[in-house]
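I opened my notebook to go through this protein piece by piece. Here is the structure I was looking at.

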Amino acid sequence: MGAELIAAVATGWARSAIGVVRLSGEGAAECAGKVFQPLSGKALADCLPRTLVYGTVLDRDGRAIDKALCVWFPAEGSYTGEESAELQCHGSPMVLSLALEALFAHGARQALPGEFTRRAFLSGRLDLIQAEAVMDLIDAETPQAARQAAGQLDRALSERVEEVYSGLVDVMAHFHAVLDYPDEDVDPFTADVIRAALEEALSRLKVLLNTYDRGRLLSKGLRCAIVGRPNAGKSSLLNALVGYDRAIVTDVPGTTRDTVEEKCVLGGVLLRLTDTAGVRDTDDPVEKLGVERSRQAMEGAELILAVLDLSQSATEEDLALVRWAVSLAPTVIVENKCDLPRTLEWTEELDLAPAVSVSAKTGAGLEDLGKLIAQTFPQGTAEEAGSLLTNARQAEAAGRALTAVERAKAALDQGVTPDALLTDVEEALSALGELTGRTVREDVIGRVFERFCVGK
């Protein structure tokens, strides 16, 4: 029995120029043909597959609701690996709703979030890394993130994993060939043979795991805390970076009492900014709470922008804040208000981190700040696009594979017989299989697809 028919609006419900209704499952072309009449008079299923056809969209009662395009795909040439069809209508929410209702009336049901891509994975059209890349591509907020997701969709990361997997499978196959066919002319299974294979796997896995920090940065962005004394210009800097007045700015010190969060792209790096309350000693109970949240934001940050007022002399509070910031995360000293006469003087603390002069008021120096951040957090080369680990699930599975191979190598170095190491090799293969979906558990599959949108 074929897969049941599912249908969904793939382009969302906002009013737009074009709206797509997607259908997948056994009899998709026939079902779509009941709500779409080609202008040629042919049945949709008799039209050429993978070819746009012009015609009329009908509601569940057979009344015309739109002039649109439709295309159907045979199972071997579709996204899901099942017979599929798409209606490309005008992007009226009412038209899309009526078209969807008509498909439901002719046997389809509402698709669940991520169900189309899940079917693509289950049918073997995509592996699990590629399936995750689909949503990463949808969520991409920088050109680098889009290129990374597109590269994963093109199997760049999958191929790196398969290289390690294949090498370890060769070890298992060699052992069983020697064991099962003792009379055949098979090279002996020696410690040197397995050691070379394990060392190769270790080298590749270490290199792969080292890509995670950069991959996560591309995919998720950096947690960036903007800190400084009251009235140093933190909120003005946040507003300048995001391009609108996100935070309240006044001349009164201590205006910001709570953290304000926003995101921007600077120097090609996605920053998840947190504007914090000015850090100072205070008796105001509300401001105290804000200062405590500022400290928490600093402790959780991956980048700290320590804002100093260039038009004033640095205080001990300023310098203590710089020292603390540097101890917590990569830090950039932002000397704000460079449009005013400079009073800030050099101190040893200003040598602890790179500094850049900016004016949050005029925007001067923001490009230099972006260049400095880009140098601190390089985005990788074009050749690496798609080959980086980008999420915790991938890194955890690769880490378990590395640990298992390390155990096998250590045992071999201690004189354990090669055949006794194969349990660890099998464990490494299982972990690598989870990366691509060869051996993945159902609950892991569920977690991967739970963040998908309906229609994808």
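**Entry 1: a salt bridge across the chain**

I started with lysine 263, which is partly exposed because its relative accessible area is 39%. (My cut-offs: buried is under 20% relative accessible area, exposed is over 50%, and partly exposed is in between, with a 1.4 Å probe and protein chains only.) I have to keep in mind that this is a predicted model, where local features need pLDDT of at least 70, side-chain atom pairs count only at pLDDT 80 or more, and totals for chains, interfaces and linings use all residues. Residues are numbered from 1 along each chain as its sequence is written, and side-chain values use heavy atoms, with hydrogens and water left out.

Which residue does lysine 263 meet in a salt bridge? I found glutamate 141, at 2.8 Å from N to O. (A salt bridge is a side-chain nitrogen of Lys or Arg within 4 Å of a carboxyl oxygen of Asp or Glu.) Lysine 263 sits in strand 9 (residues 260–266) and glutamate 141 in the loop between helix 4 (128–139) and helix 5 (143–153), so the pair links parts of the chain 122 residues apart. (Helices are DSSP runs of H or I with at least four residues, strands are runs of E with at least two, and both are numbered from the N terminus.) Glutamate 141 is partly exposed as well, at 33% relative accessibility.

I searched the whole structure and got 30 salt bridges. One of them joins glutamate 4 to arginine 109, with the closest N and O atoms 3.1 Å apart. Glutamate 4 is in the segment before strand 1 (6–9) and arginine 109 is in strand 7 (residues 109–110), so this pair ties together parts 105 residues apart in sequence. Glutamate 4 counts as partly exposed at 47%, and arginine 109 does too at 25%.

Next I checked arginine 204 and glutamate 200, whose side chains meet in a salt bridge at 2.8 Å, N to O. Both lie in helix 7, four residues apart, which is about one turn of the helix. Arginine 204 is partly exposed at 35%, and glutamate 200 is partly exposed at 41%. I also noted a network: salt bridges with shared partners join Glu4, Glu82, Arg109, Glu115 and Arg119.

**Entry 2: a covered glutamate**

Is glutamate 302 buried or exposed? It counts as buried, because its relative accessibility is 13%. I located glutamate 302 in the loop between helix 10 (285–299) and strand 11 (303–309). Its side chain makes a polar contact of 2.5 Å with the side chain of arginine 216. (A polar contact is a pair of N or O atoms within 3.5 Å; within protein, one must be able to donate a hydrogen and the other to accept it, and residues adjacent in sequence count only if both atoms are side-chain atoms.) Leaving out residues up to four places away in sequence, glutamate 302 touches Gly221, Leu222 and Phe377, among others. (Contact means heavy atoms within 4.5 Å.)

**Entry 3: the nonpolar core**

I then looked for the largest nonpolar core and found 35 residues in it; Leu168, Leu198, Val405, Leu432 and Leu435 have the most contacts inside it. (Such a core is a set of buried Ala, Val, Leu, Ile, Met, Phe, Trp, Tyr and Cys residues joined through side-chain atoms within 4.5 Å.) Helix 6 (156–180), helix 7 (191–209), helix 13 (392–413) and helix 14 (422–436) each give two or more residues. Helix 13 has the largest share, 10 residues. In soluble globular proteins, nonpolar side chains tend to be buried together.

**Entry 4: strands side by side**

Strand 4 (residues 53–58) and strand 5 (residues 64–73) pair antiparallel over six bridges. (Two strands pair if DSSP finds at least two bridges between them.) They form a hairpin with five residues between them, and glycine 62 in the turn has a positive phi of about 85°.

Strand 8 (residues 222–228) is mostly covered, with six of its seven residues buried. Strand 8 pairs in the parallel sense with strand 10 (residues 269–275) over five bridges, and with strand 11 in the parallel sense over five bridges. Alanine 225 has threonine 274 as its bridge partner in strand 10 and stands opposite isoleucine 304 in strand 11.
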